Amino acid sequence: MNQTIDILRRRKSVREYENREVSAEVRAEILNATLRAPTAGNLTLYSILDVTDQSLKDKLVTTCDSQPFIATAPMVWIFLADYQRWYDYFHVSGVEELCAQKGTPMLKPEEGDLFLACCDALIAAQTAVVAAEALGLGSCYIGDIIENYETHREIFNLPPYTFPIGMVVFGYPTQTQKERIQTPRFDQKFIVFENQYRSLDKDEFNEMFFERQKLISKNKIAEGIDTFGKATYLRKFSAEYSAEMRRSVREMLKVWKK
């Protein structure tokens with residue numbers, strides 16, 4: 001099998017690491033590969049925070065929903081959606097004066113620009129993940145970096161047109177992690193549609209979630225929780241951390257839209 005395909009197919013989240021540093025040479029290899037990631041219009045609408053300060057890692061454990069393994073990861077990268085750099089460059093390049101000559105206001109980044117920057121940042125993050133896997137490192141995405149916007153803005157000195165859309169922690173997996181069974185994915189027929197989106201019916205959902213539903217039936221999670229849908233709604237969608245994530249994003253958007 002092609003080596004890259006094999007890496008992609010074997011990849012799984014790793015949350016436990018050997019007590020082993022990532023060398024400067026390996027970091028450089030991962031970074032060089034990451035910076036070749038596709039980017040909209042070759043604008044590179046992202047920045048990367050390489051978190052090396054242990055006290056900051058310790059804070060991230062708390063601000064990212066109490067995940068202790070963040071503090072033990074030898075390499076922690078935060079991927080910022082970043083339009084601040086271009087907005088600053090526009091000012092330095094005399095765009096404000098150009099707009100004044102044309103009699104038009106100088107535009108500021110808006111929601112569409114934010115979404116595009118988020119795409120750039122996440123594409124870069126996944127490129128880093130694949131590069132790290134190729135060099136023997138494991139990784140784990142930390143979506144909780146979206147929470148606690150005000151705190152992260154302060155401790156990382158984030159200007160208005162930046163937002164931490166993703167964080168990835170890297171390290172050499174322990175033997176237990178290497179041997180751990182991959183979590184299953186849904187059959188592609190429920191995910192991939194030709195030409196047009198198609199909503200699934202109840203029978204298809206029953207088939208799609210058959211294996212996961214067996215876990216609910218077997219474990220009897222709580223009274224009245226008899227479907228995987230109910231369990232996931234309570235555990236994920238309506239959970240406190242999800243509410244905080246939504247609040248945090250609303251606050252970020254207020255700053256961005258100002």
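Reply: A residue is called buried when its relative accessible area is under 20%, exposed when that area is over 50%, and partly exposed in between, using a 1.4 Å probe and protein chains only. On that basis, 37% of the 258 residues of the chain count as buried. The model is predicted, so that local features need pLDDT of at least 70 and side-chain atom pairs count only at pLDDT 80 or more, while totals for chains, interfaces and linings use all residues. Residues are numbered from 1 along each chain as its sequence is written, and side-chain values use heavy atoms, with hydrogens and water left out.

The chain has 13 helices and four strands; these are DSSP runs numbered from the N terminus, helices being H or I with at least four residues and strands E with at least two.

The buried residues of helix 13 are Ser242, Glu244, Ser248, Met252, Val255 and Trp256. Seen down the helix axis, these buried residues fall within an arc of 155°, so they line one face of helix 13, the arc being that of the directions from the helix axis to the C-beta atoms. On the face turned away from this buried side, helix 13 carries the exposed residues Glu240 and Lys257. The partners against which its buried residues pack are helix 7 (111-134), helix 8 (149-155), strand 4 (162-171) and helix 12 (228-237), where contact means heavy atoms within 4.5 Å.

A pocket is an open set of points on a 1 Å grid over the protein atoms alone, where a 1.4 Å probe fits, with protein on both sides within 12 Å along at least five of seven lines, and lining residues have an atom within 4 Å of a point. About 570 Å³ of space lies in the largest pocket, the volume being the space filled by probe spheres set on the points. Of its 19 lining residues, Ser13, Arg15, Cys140, Tyr141 and Lys236 are the closest to the centre.
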